[in-house]
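Please read them with the coordinates open.

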Amino acid sequence: MLFSSSVFLCIFLPVVLIVYYGLLRRRRWGQNVFLLLASLFFYWWGEPKFVLIMLGSIVMNYLFGLWVEAFQKRGKHLLLPITCTVAANLSVLFTFKYVDFAVRNINLLGFDLTPPGIVLPIGISFFTFQAMSYVFDIARSHSRAQHNPLNVGLYIALFPQLVAGPIVKYETVEHEILHRKETWADFSDGVRRFLIGLGKKVLIANQMAVVADAAFDASAPTAAFAWLGAICYTLQIYYDFSGYSDMAIGLGRMFGFHFLENFNWPYVSKTITEFWRRWHISLSTWFRDYVYFPLGGSRVDRKWKLARNLFVVWLLTGIWHGASWTFVAWGMLYFVLLAAEKFWHLGRSWPAALGHVYTLVMVNFAWVLFRAEDMGAAVRYLAAMFGANGWWETLAGFYFRENIVFLAAAVFFAVPTANWLRSKADKSRLAPLWGVLYAAGLLAVFAVAVAYLVKGTYNPFIYFNF
């Protein structure tokens with residue numbers, strides 16, 4: 001089920017809110033059970049048979065959490081339960097996400113194995129990493145093990161962040177599972193945040209997708225069309241994913257949960273390091289806390305160890321995103337860029353404007369790798385950006401003119417200019433009028449978005465594939 005669908009907006013969400021705040025008001029246990037059942041139904045709606053994988057992950061990691069707790073109480077080393085946790089979770093992830101990829105690559109060595117054709121469960125990378133976070137946070141003594149499996153199920157399966165994040169660490173919401181406090185301020189802020197995310201997805205990301213898809217699907221795009229498509233995809237993936245995160249954070253607020261931010265204006269970054277502090281923050285934090293720091297992080301006594309740590313993190317980051325060599329290459333490109341910044345201070349002393357341009361160009365090239373069907377397609381597209389198929393065609397001008405308004409809006413809202421203007425308006429004498437106009441604007445966004453959804457085509461979130 002999509003957040004940006006009429007079924008979710010007009011049926012699922014209203015029913016869940018009415019039951020949660022009406023029939024089950026002041027009954028925390030009942031609210032939690034209901035939210036868990038609603039979340040499982042939410043996942044079942046799009047993936048009926050794979051809800052069993054979700055339930056298996058919940059039970060498995062609930063038991064691993066109790067195992068870690070038992071070892072802690074006895075003062076025993078946690079290597080065995082943690083190793084089993086990692087092995088079991090990654091085995092499930094590998095089976096459903098990477099087996100076909102592995103078989104295809106083994107066949108390149110001369111074998112003739114038949115890929116099993118396993119269908120990828122939506123969001124398996126997200127809920128698997130979230131489930132592992134539960135056990136890891138217990139092992140680090142940052143949280144306590146839950147003895148009620150329903151609470152573990154609610155944490156892992158909670159529908160706002162279930163299929164595309166943000167990846168919520170268990171320690172972030174442990175207290176709120178049983179002791180959250182719903183307030184009108186949180187609820188209204190959640191509605192505001194949800195509507196902003198809906199507008200990002202439906203009114204901007206989906207429009208950028210039209211241009212990006214046309215360019216990437218073209219057999220021989222000129223440089224102008226290739227650059228236009230790459231820029232539109234750069235904007236599409238930002239509004240698509242940050243829009244989903246906004247909706248997830250907003251929905252969490254409606255039910256009293258406070259998820260951490262997942263994006264912080266990444267396209268204003270002046271270095272690649274800064275970009276990854278602002279982009280998909282929950283994934284970066286996950287790898288930092290559970291992989292990079294345990295390896296020693298940057299506090300190691302040899303440069304080769306730091307290079308190793310960066311390599312491992314970015315290899316795993318690339319693989320996490322998908323079973324394709326393009327994702328591995330994408331991760332390795334960021335490893336090279338980040339290593340260059342750390343070891344040779346590339347871009348650190350440059351003027352701010354030059355650093356900004358360099359970062360955006362490198363990120364744009366990386367998104368071409370991310371978007372391409374395979375490495376061959378990626379190389380051809382990058383070559384097209386440098387004139388391999390000529391420099392100009394009327395098609396590029398057509399798509400630019402047809403989407404100039406959406407493109408201008410995408411660029412404008414990708415930087416915090418609108419937030420700055422809003423903060424100035426809030427402090428002015430016209431603040432009450434501005435509040436009314438802002439609320440009216442959000443309602444207009446909702447009305448236009450619903451109109452687009454009614455007449456539009458199916459356009460799932462990009463990160464549903466991961």
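1. Is cysteine 84 buried, partly exposed or exposed? Its relative accessibility is 26%, so cysteine 84 counts as partly exposed. Cysteine 10, at 54% relative accessibility, counts as exposed. The model is a predicted one, and the disulfide count in it comes to 0.

2. Where does arginine 180 sit? The residue belongs to the loop that runs between helix H8 (170-179) and helix H9 (184-217). With 3% relative accessibility, arginine 180 falls under the 20% cut-off and therefore counts as buried. Its side chain reaches the backbone oxygen of phenylalanine 255, at 3.0 Å.

3. Setting aside neighbours within four places in sequence, arginine 180 is in contact with Tyr20, Arg28, Gln31, Asn32, Leu35, His175, Phe255, Gly256 and Phe257. Phe255 in this list is the residue whose backbone oxygen the arginine 180 side chain reaches.

4. Next, a helix pair. Helix H2 (residues 28-46) packs with helix H3 (residues 51-73) at an angle of about 140 degrees, and their axes are 9 Å apart. Angles over 145 degrees would count as roughly antiparallel; H2 and H3 are therefore oblique to each other. On the H2 side the contact is made by Leu40, Tyr43 and Trp44, and on the H3 side by Val51, Met54 and Leu55. By class, this contact of H2 with H3 has 6 nonpolar residues, with no polar and no charged ones.

5. Two loop residues deserve a look at their backbone angles. Arginine 26, in the loop between helix H1 (6-23) and H2, has phi near 70 degrees, a positive value in a residue other than glycine. The relative accessible area of arginine 26 is 73%, so the residue is exposed.

6. Histidine 345 lies in the loop between helix H14 (325-344) and H15. Its phi is near 55 degrees, again a positive value in a residue other than glycine. Histidine 345 has a relative accessible area of 52% and is therefore exposed, the cut-off being over 50%.

7. Which residues does methionine 362 touch, not counting those up to four places away in sequence? They are Ile272 and Leu337. Methionine 362 itself is part of helix H15 (residues 352-371).

Notes
Residues numbered from 1 in each chain as written. Predicted model: local features only at pLDDT ≥ 70, side-chain atom pairs only at ≥ 80, totals over all residues. Heavy atoms only, no water. Axes fitted to C-alpha atoms, helices over the stretch in contact; angles between N-to-C directions. Helix = DSSP H or I, 4+ residues; strand = E, 2+ residues; numbered from the N terminus. Parallel < 35°, antiparallel > 145°, perpendicular 65-115°, else oblique. Contact = heavy atoms within 4.5 Å. Nonpolar A, V, L, I, M, F, W, Y, C, P; charged D, E, K, R; others polar. Disulfide = S-S within 2.5 Å. Buried < 20%, exposed > 50% of the residue type's maximum accessible area, 1.4 Å probe, protein only. Polar contact = N/O pair within 3.5 Å; in protein donor to acceptor, adjacent residues only side chain to side chain.
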